[in-house]
Amino acid sequence: MKFTDEHVQLQDTLQKFIDREINPYADAWEEAEIFPAHELFKKMGDHGFLGVTKPEAYGGMELDYSYSVLMAETLGRVHAGGVAMAVGVQTDMCTPALAKFGSPELKAEYLAPSIAGDRVGCIGVSEPAAGSDVAAIKTHARIEGGDWVINGGKMWITNGMQADWMCCLANTSEGHPHRNKSLIIVPMDAKGVERARKLKKMGMCSSDTAQIFFDDVRVPVGNVIGQQGHGFTFQMIQFQEERLWGAANVLGGLDQALEATLEYTRDRQIFGKSVLDHQWVHFKLAELATEIECLRALTYRATELYVSGKDVTKLASMAKLKAGRLAREVADTCLQFWGGMGYMWESKISRFFRDGRLVSIGGGADEVMMSIICKLMGTLPRRKKKEGASA
């Protein structure tokens with residue numbers, strides 16, 4: 001994947017924005033366990049950051065996905081992972097299906113103001129009993145008159161306390177779990193929507209994460225994205241971008257963790273020399289730097305193929321799997337080299353340790369990624385035919 005002058009310009013502009021509008025407030029937002037999404041997103045929308053790959057007709061730049069990946073990697077340098085994640089939900093998790101398959105009316109009402117930063121979105125897939133197993137969701141919607149009537153609930157919803165709308169996956173018919181679901185736009189101020197509670201997490205503290213309930217929530221039938229019954233497929237397509245974005249975002253965080261650890265271990269003295277001067281330390285950091293570059297190469301290759309129109313489900317799943325594993329390894333190793341200071345809540349590496357742990361869970365757990373990879377490699381055990389079944 002080759003970066004053009006336009007890529008570099010976007011990265012430089014975004015980094016300056018992060019240094020000016022996000023990082024100086026990151027500690028306060030972490031302590032408050034929420035950041036002002038509407039205020040920040042409006043500033044980002046004014047700079048064009050929320051619609052890099054979205055259609056020009058709705059306020060986007062209509063650039064290819066490599067620009068979104070570069071933006072995700074740069075956002076990895078935000079000093080609070082929860083803020084970067086919340087931006088990613090807006091740009092690459094709740095809006096891709098709407099941009100690709102939504103009606104012009106839905107795009108005008110929800111996509112355009114989300115690109116402008118006037119509305120905050122969220123994605124409603126996970127439920128208490130259906131996280132990685134998307135097919136197992138219980139939230140359902142039935143048509144009554146000219147409305148969908150929605151009942152159920154969603155869990156672990158990023159931006160959930162501040163969102164103006166949700167891209168909600170719901171069962172809209174009986175039948176096969178991969179063909180009975182639809183993506184429906186739900187205004188969060190609709191009657192019957194309850195933001196039950198803001199969830200307290202071990203990491204990503206600056207991001208507001210909510211549990212949501214739906215009690216006979218009515219939305220227009222036209223709020224369905226694309227065709228009824230295609231929601232599972234649309235969400236799987238949406239996951240490709242989410243997982244590429246996640247892997248790229250981790251890269252920025254990994255770079256930052258390694259840089260901070262090099263600086264700390266170079267200054268910290270132990271047994272008459274700096275921590276970094278001990279062979280085990282600088283050898284291990286060299287090994288981790290190599291692993292980070294391997295992840296970067298994988299992520300960039302998957303992105304290049306995706307931009308060319310290829311299905312990158314396997315490579316995106318590999319990148320997501322490797323990103324989660326490496327986030328844990330780098331955070332744990334670097335924290336060890338920080339010693340007691342690394343164990344302190346306020347240290348940079350401690351926050352990265354807590355924030356990074358989500359990568360192996362959110363957007364599809366490691367085990368789900370391995371199942372997808374195995375399926376696409378053809379390595380899953382073949383199912384035995386039932387006795388008496390015809391050949």
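A: Gladly, and keep in mind that this is a predicted model.

Q: Let us begin with one residue. In which helix is glutamate 241 found?
A: Glutamate 241 sits in helix α8, which covers residues 231–267.

Q: Is glutamate 241 buried or exposed?
A: Buried means under 20% relative accessible area. Glutamate 241 has 6% relative accessibility, so it counts as buried.

Q: Which residues is glutamate 241 in contact with, leaving aside its neighbours within four places in sequence?
A: Its contacts are then Tyr65, Asp92, Pro96, Lys100 and Tyr306. Sequence distance and spatial distance are separate things to read: glutamate 241 and alanine 316 are 75 residues apart in sequence, and their C-alpha atoms are 8.2 Å apart in space.

Q: Now for pockets. How much space lies in the second largest pocket?
A: Here is the general idea: rolling a probe the size of a water molecule over the atoms shows where empty space is left. In this structure, the second largest pocket holds about 240 Å³. Its lining includes Glu241, along with Pro96, Lys100 and Tyr306. Two elements, α6 (96–101) and α9 (279–307), each give two or more residues to that lining, and α6 gives the most, with three.

Q: How do the lining residues of the second largest pocket divide into nonpolar, polar and charged?
A: Seven are nonpolar, one is polar and four are charged.

Q: What about strands? In which sense do strand β2 and strand β3 pair?
A: In a regular strand the side chains alternate between the two faces of the sheet. Here, β2 (residues 140–144) and β3 (residues 147–158) pair in the antiparallel sense, over five bridges. Glutamate 144 stands opposite aspartate 147 in β3. The hairpin has two residues between the strands, and glycine 145 takes a positive phi near 65 degrees.

Q: Last topic: aromatic rings. How many aromatic pairs does a search of the whole structure find?
A: The search finds nine. One of them joins phenylalanine 101 and phenylalanine 234: the ring centres are 4.1 Å apart and the planes are at 10 degrees, so the pair is stacked. Phenylalanine 101 belongs to helix α6 and phenylalanine 234 to helix α8, and the two are 133 residues apart.

Q: Are phenylalanine 101 and phenylalanine 234 buried or partly exposed?
A: Phenylalanine 101 is partly exposed, with a relative accessible area of 31%, whereas phenylalanine 234 is buried at 8%.

Note on methods. Residues numbered from 1 in each chain as written. Predicted model: local features only at pLDDT ≥ 70, side-chain atom pairs only at ≥ 80, totals over all residues. Heavy atoms only, no water. Helix = DSSP H or I, 4+ residues; strand = E, 2+ residues; numbered from the N terminus. Buried < 20%, exposed > 50% of the residue type's maximum accessible area, 1.4 Å probe, protein only. Contact = heavy atoms within 4.5 Å. 1 Å grid on protein atoms, 1.4 Å probe; cavity = no way out; pocket = protein on both sides within 12 Å on 5 of 7 lines; lining within 4 Å. Points joined across faces, edges and corners; volume = space filled by probe spheres on them. Nonpolar A, V, L, I, M, F, W, Y, C, P; charged D, E, K, R; others polar. Pairing = 2+ DSSP bridges. Phe/Tyr/Trp six-rings, centres within 6.5 Å; stacked < 30°, edge-to-face > 60°.
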